Amino acid sequence: MARKFKLTADGGSRGNPGPAGYGAVVTENGKIVAELFDVIGIATNNVAEYSGLLAGLSHINKLDPAATVEVAMDSKLVVEQMSGRWQIKHADMRDLAKQCRAAHDPSLVKYSWIPRDENSHADRLANKALDGGSAHKTEPQVQQNYLSERLRSSEVPTMLYMVRHGETILTPLRKFSGTGPINPELTEKGLSQAAAVAKEIAKLKPEVLIASPLMRTTQTAQAIADATGLEINFDEIWFELSFGDWDGLSFEEVKEKFPDEYQAWLNSSSYAPAGGESYDQAGIRVEEALEKVAAVYPGQRVVVVTHNGVIKLAAQIATGAPTEAVFHIDAAPCSISSISIWPSDGLRALRSLNETGHFRP
């Protein structure tokens with residue numbers, strides 16, 4: 001009788017690209033069968049993640065070529081591509097996916113996504129590989145600047161234009177406005193802002209329009225759809241952060257009702273309000289959103305109507321800044337912020353932030 005295995009795999013690079021390694025854990029009936037990890041040289045996060053999957057599937061195939069395998073990974077990109085739901089546009093990624101399918105009969109393998117904290121074992125092994133790979137030899141010289149050469153290359157990046165929604169009744173008082181039940185509509189001023197930014201976006205000749213499906217982003221996206229003729233693609237991955245019990249409250253109200261919790265939120269990007277999410281948690285989702293745009297719409301001009309917290313996180317991720325950088329970024333209602341993403345390896349460049357010139361008389 002064929003055996004049944006579970007494989008969790010991960011990979012990472014210190015720099016993107018940078019020194020990279022992978023980790024993979026093979027279990028059978030809840031018992032660890034193998035812990036696999038190694039360095040792979042200079043590579044991107046995506047290559048490292050695929051390498052962990054390849055190592056795990058290859059090992060399982062040696063144990064039992066007829067085994068069924070449940071693969072669980074925190075890389076949405078790898079899971080969706082290997083499941084056949086996302087196309088693989090880049091040749092290097094297609095080759096890695098082909099190797100993974102050749103390593104073990106793909107009809108015997110099922111893929112599922114898991115949160116990053118549920119993949120901590122494989123992540124630790126990937127870091128162990130990186131730490132061990134450099135502990136006994138001189139630290140390698142690592143290239144940091146890939147953008148200068150990329151800007152002179154022929155590869156066309158995906159251009160992502162992020163539009164923050166227009167003003168709501170909560171915006172002027174800077175009240176917490178997440179995914180809670182209030183779900184405010186645009187004010188008259190907000191509708192006017194949406195009309196103005198729609199005219200500006202139309203000049204960019206976008207090819208794709210995506211929006212968070214909350215009321216304020218839907219209304220803003222509709223103005224852009226009317227100006228461009230594009231269909232709105234709704235995706236919850238672009239939701240604002242959830243603020244839980246704080247939703248709809250002003251900063252002063254939160255400070256009065258939850259003084260210790262409010263201070264903890266000010267102190268760290270890792271703190272989540274009760275029933276909500278932290279910037280660190282939301283950053284995982286935003287990273288996946290950026291990967292998805294580059295994978296699904298390579299080389300296209302994509303407009304996403306989203307929220308302040310998401311735009312702040314996207315800018316932080318694109319620049320490689322620490323998460324606390326979000327405390328130094330702000331996007332005004334119906335501003336435009338843009339990022340270039342090169343599909344070949346996910347290289348990102350922040351091109352603009354909080355553009356509001358379309359409001360000038």
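Exposed means over 50% relative accessible area, buried under 20%, and partly exposed in between. These cut-offs apply to the views below, which show a predicted model.

**View 1. Arginine 85 and glutamate 80 form a salt bridge.** The closest N and O atoms of arginine 85 and glutamate 80 are 2.8 Å apart. Arginine 85 counts as exposed because its relative accessibility is 52%. Glutamate 80, in contrast, has a relative accessible area of 9% and is buried. Salt bridges with shared partners join Lys76, Glu80 and Arg85 into one network. In the whole structure, the search finds 13 salt bridges.

**View 2. A salt bridge connects arginine 14 with aspartate 131.** The closest N and O atoms of this pair lie 2.9 Å apart. Arginine 14 belongs to the loop between β1 (4-13) and β2 (18-28), and aspartate 131 to helix α4 (residues 120-135), so the pair ties together parts separated by 117 residues in sequence. Both side chains fall in the intermediate class: arginine 14 is partly exposed at 40% relative accessibility, and aspartate 131 is partly exposed at 41%.

**View 3. Lysine 292 and aspartate 235 meet in a salt bridge through their side chains.** The N to O distance is 2.8 Å. Lysine 292 is in helix α10 and aspartate 235 in the loop between β8 and α8 (251-257); the pair links distant parts of the chain, 57 residues apart. Lysine 292 has 26% relative accessibility and is partly exposed. Aspartate 235, at 18%, counts as buried because the cut-off for that class is under 20%.

**View 4. Six strands make up an open sheet with mixed pairing.** The strand order is β8-β7-β9-β6-β10-β11. β8 (232-234) and β11 (347-355) are the edge strands, each pairing on one side only. From one strand to the next the twist averages 25°. Strands β7 (residues 208-211) and β9 (residues 301-306) run parallel and are joined by four bridges. Leucine 209 has valine 303 in β9 as its bridge partner. Helix α11 (residues 308-319) packs on the sheet, where it touches β6 (158-164), β9, β10 (336-342) and β11. The direction of α11 makes about 140° with that of β11.

**View 5. β10 and β11 form a hairpin.** Four residues lie between the two strands. Glycine 346, in the turn, has a positive phi of about 80°. The strands pair in the antiparallel sense over six bridges. Serine 338 has serine 352 in β11 as its bridge partner.

**View 6. The largest nonpolar core contains 33 residues.** The members that touch the most others are Leu160, Ile210, Trp238, Leu290, Val302 and Leu313. At least two residues of this core come from each of β6, β7, α9 (259-267), α10 (279-296), β9, α11 and β10. The greatest contribution is that of α10, with seven residues. Leaving aside residues up to four places away in sequence, valine 302 touches Thr158, Met159, Leu160, Tyr161, Val208, Ile210, Val293 and Tyr297. Another core, of 29 residues, lies apart from the largest one and includes Leu7, Tyr50, Leu53 and Met73.

**View 7. Helix α10 has 18 residues.** At 1.5 Å a residue, α10 should span 26 Å, and the 25 Å between its end C-alpha atoms agrees with this. Buried residues in the helix are Tyr279, Ala282, Gly283, Arg285, Val286, Glu288, Ala289, Leu290, Glu291, Val293, Ala294 and Ala295. An α-helix has 3.6 residues a turn, so residues three or four places apart point the same way. Lysine 292, the salt-bridge partner of aspartate 235, is partly exposed.

**View 8. Alanine 97 lies in helix α3 (residues 91-103).** Alanine 97 counts as buried because its relative accessibility is 0%. Not counting residues up to four places away in sequence, alanine 97 touches Tyr50, Met82 and Ile88. The C-alpha atoms of alanine 97 and threonine 158 are separated by 22 Å, and the two residues are 61 residues apart along the chain.

How values were computed: Residues numbered from 1 in each chain as written. Predicted model: local features only at pLDDT ≥ 70, side-chain atom pairs only at ≥ 80, totals over all residues. Heavy atoms only, no water. Pairing = 2+ DSSP bridges. Axes fitted to C-alpha atoms, helices over the stretch in contact; angles between N-to-C directions. Contact = heavy atoms within 4.5 Å. Core = buried A, V, L, I, M, F, W, Y, C linked by side-chain atoms within 4.5 Å. Buried < 20%, exposed > 50% of the residue type's maximum accessible area, 1.4 Å probe, protein only. Salt bridge = Lys/Arg side-chain N within 4 Å of Asp/Glu carboxyl O. Expected span 1.5 Å × (residues − 1).
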